[in-house]
Amino acid sequence: MEFLKAQLPNGLEIVAEFDPNAHSAGYGFFVQTGSRDETDDISGVSHFLEHMVFKGTPHRSADDVNREFDEMGAHYNAFTSEENTVYHAAVLPEYQEPCVALLADIMRPSLRQADFDTEKKVIIEEIKMYSDEPPFGADDRLKAAFFGSHPMARSILGTEESIIALTAEQMLEYFRRRYSPGNILLAAAGRIDFDALVKQATDLCGAWDAVEAPRERPEVDAAEAFLVEQRDSAAQEYIMQLMSGPAANDADRFAAKILATVLGDDSGSRLYWELVDNGLAEHASLSHYDYDHAGVYMTSLGCEPERAAENLATLVAVLRDAEENGITQEELTQAQSKINSRIVLSSERPKNRLFNVGGNWLQRREYRSVRHDLDTVSAVSLDDIHAVMAKYPLTRGSTLAIGPLATLAQP
Amino acid sequence: MSQKIFTHVYANGMVLLAEPNPSLESVAFTFLSPSGCRYDPIDQAGLATMSADMALRGAGNRDSRQFINDLETLGVNKHEAVTNAHTSFSGAMLAENLSPALDIYADLLRRPVLPNDKLEEARQVVLLELVAIEDDPSHKVMLELRRRHYPDPYGRSSQGDLAGIQSITQQDVERYCRNRYRPQGTILGVAGKFDWEQLRDHVGELFGDWPEGREEDIAETEIGEKIVHLEHDSSQTQIGIAYESVAYSNPDYFQASGAIGVLSGGMSSRLFTEVREKRGLCYSVYATPHSLEHRGAVLCYAGTSAERAQETLDVTLGELVRLSQGVEAAELDRLKARIKSGLIMQQESSSARSSSLARDWHHLKRGRTLEEVGEIVDRLSCETINKYLAEHPARDFTIVTLGQQPLEVTVGVS
């Protein structure tokens, strides 16, 4: 394994992890933009733009883009989060040149009006699809309540109304502001040819115009809300909570992830034994997510409505008990071996390493090898875990319930 | 590097298939146990699932908690599922932990504790899974599609039904595990980093003296209505379409699955292009081959808002019918490229390989290397696929819709 990096004069950075033994290679453009970089009048534009990027360029129609990816046998896709939009493809190593050429070309899309109008319908279908599935879009409302006026409160999908109102001109203006080379990372992993990659990026991306693409990073002022939304058609009650946790730039994040595994992994955790194994809840979990100068813990509980109040009280009691009495060395060791095994298994595929290498660079301008991650996880002590709980209380945050219940007792 | 699959059939009928890949640090195993939901008595739908849940609650001298703690300390990423034919227990881990992990799974399959005082908890877990489907419309429509398309018990899903789950007793679970968790029909697939002789001997020590179980016959019954609408309070309408195809063991299987790849593999495929890209009718649309031992089907899904559901159904059915007119060379070339890279990427996952090995034995009674699959794919041509398609046009559809309004079915139904 070898880490390599380069930067073009216009600011575009290129990072790669070279693995001579890999069978395949992964490539991706990571754009540092997402819903937190939007405003009310363009809510959902980052995600809609992600769809439009596949709709063709001055050199290619939408059909050409899909056809060419498929001709290489590429496994390709894209996703939009609160803060990143990522376009990625995994191919056999011999397809590096056409794969990177195609990815680079679609990063300068035409955004044609007719394609925009058709794709708008697809986006609305996507919003409707999520509104029919648990938690029926309520995760957006919880995020809004928890983050308040902080940009992380913004919905990734937007609403049906915001998407209908969005124009192609607004999207183009957003694209020009955010898809600047200094705000984009080209990452690669697996059996790649780095010199050829840099040369190609120079030829294809070197002329991209650079503009400032600033991001606001205000302090999070987390709210403590308790919301109940009634949805008669649901069979189960779904309850989610958000609490503050370490951010991506915070070294405590490893302790937070281990803590979440001990308390709320989907198997063998305290919540599993207290609520899932015994059939009280269909699911009950705690996870940690880290962002650019913001971090959260999230709990998720799904159960029959009659049991919801009691189960929520149990969940909160599990978190409170951990805060007051800590966790055991045995629990810590078990979680570390579980996490480390997952790290190794996932790292065997270049397309997984791609997200790791790209994500670490985007968040911290840092390269972390698999070995480095394993060592960091193993080095976390009980004191570290207890310190992170003292700093970020698990029992303070916002709660939202959605399902058949009209009211729910607050524990 | 040439691929090799080691195979060993033990005297009691249990089969071990293993494919080494020393370039990986991990190893994965998949047990397919012949205890799928098709063996549930008709009035006890859900028995296989509840038995699997109980079997995971302690084995040998480990209680429920010790069982999971020991696996997690070994770093075993475990997964279990009940399908129509099997209960599968699988795990992936660092290579050095394979032997102790298999020791634990030998206890699970041969010496499950089945704690009587946990029966009600297991029942509650299974009931909650059944309820959860009500909130998952796209999943629900596809379960109902399979139930309608195949004769019972081959279209059943593992979740069972309320009355069945409520009727299950401790004795039923004990009897089920005793009869169905057994060596004949059990297939163990292993892939990744291991030593073959050591593995074969160790599995022999763990399972060689496992006594054989009793065989039962299965009677088939047709389910009735093939075109149904389920009322559901949702903004989208879910559409499931099925029609007959060939089984995985059929020599023509790759002709059939190649044609489905043209219909629905990659974003340049016909369904994605016609339904989503050109018309913007839906976010999700696909078709996929599905195979049982002696029969197969194409299962197709689309989800769209109620007012555009009729057009989505019409366009989708139109593409299914049009497929019988044949595929084109450029479409086939793209398909081959996709399959080829998919095969090579599969080698990077010990989990994917271990389950493929076990599944291949179930259908073919032998393992099949990815190289062999690659050669079959190389031999596909428009001529062979189009000959197959002319002889097997899409027709006699089973169609399940779920949403506020039923749809009109106007094409291709006889």
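In which sense do E11(B) and strand E12 (residues 296-305) of chain B pair, and over how many bridges? Select both strands and follow them: the pairing is antiparallel, over eight bridges. Strands count as paired if DSSP finds at least two bridges between them, and the element names are DSSP runs numbered from the N terminus, with helices (H or I) of at least four residues and strands (E) of at least two.

Before going on, a word on the model. This is a predicted model, in which local features need pLDDT of at least 70 and side-chain atom pairs count only at pLDDT 80 or more, while totals for chains, interfaces and linings use all residues. Residues are numbered from 1 along each chain as its sequence is written, and chains are lettered from A and ligands numbered from 1 in the order in which they are written.

**Stop 1: the sheet around E11(B)**

Stay with E12(B) and pick Gly303(B), which stands opposite Ser284(B). Now widen the selection to the open sheet of five strands, ordered E9-E13-E10-E12-E11 in chain B, with mixed pairing. Its edges are strand E9 (227-231) and strand E11 (284-291) of chain B, each of which pairs on one side only. From one strand to the next, the twist averages 15°.

**Stop 2: two domains of chain B**

Colour chain B by domain: domain 1 is 6-207 and domain 2 is 227-403, with bounds from an automatic or database domain assignment. Their C-alpha centres lie 28 Å apart. The contact takes 31 residues from domain 1 of chain B and 26 residues from domain 2 of chain B; residues are in contact if their C-beta atoms, placed from the backbone, lie within 7 Å. On the domain 1 side, H5(B) gives the most, with nine residues.

**Stop 3: strand E8(B)**

One of the elements supplying at least two residues to that domain 1 side is strand E8 (187-192) of chain B. Is E8(B) mostly covered or mostly open? Mostly covered: six of its six residues are buried, meaning that 20 or more other C-beta atoms lie within 10 Å of a residue's own. Ile187(B), Gly189(B) and Ala191(B) point one way, and Leu188(B), Val190(B) and Gly192(B) the other. Now show the neighbours. E2(B) pairs with E8(B) in the parallel sense over six bridges, and Ala18(B) stands opposite Val190(B). E3(B) pairs with E8(B) in the antiparallel sense, also over six bridges, and Thr30(B) has Gly189(B) as its bridge partner.

**Stop 4: helix H4(B)**

Select residues 119-134 of chain B, which form helix H4. Its buried residues are Ala122(B), Val125(B), Val126(B), Leu127(B), Leu128(B) and Leu130(B). They pack against helix H1 (47-55) and helix H6 (162-167) of chain B.

**Stop 5: where the chains meet**

Finally, show both chains. Here 48 residues of chain A are in contact with 49 residues of chain B. Helix H2 (62-71), strand E7 (85-91), helix H4 (113-132) and helix H12 (329-347) of chain A each give two or more residues to the chain A side. H4(A) gives the most, with 10 residues.

Conventions: Contact = placed C-beta atoms within 7 Å. Expected span 1.5 Å × (residues − 1). Buried ≥ 20, exposed ≤ 12 C-beta atoms within 10 Å, placed from the backbone. Axes fitted to C-alpha atoms, helices over the stretch in contact; angles between N-to-C directions.
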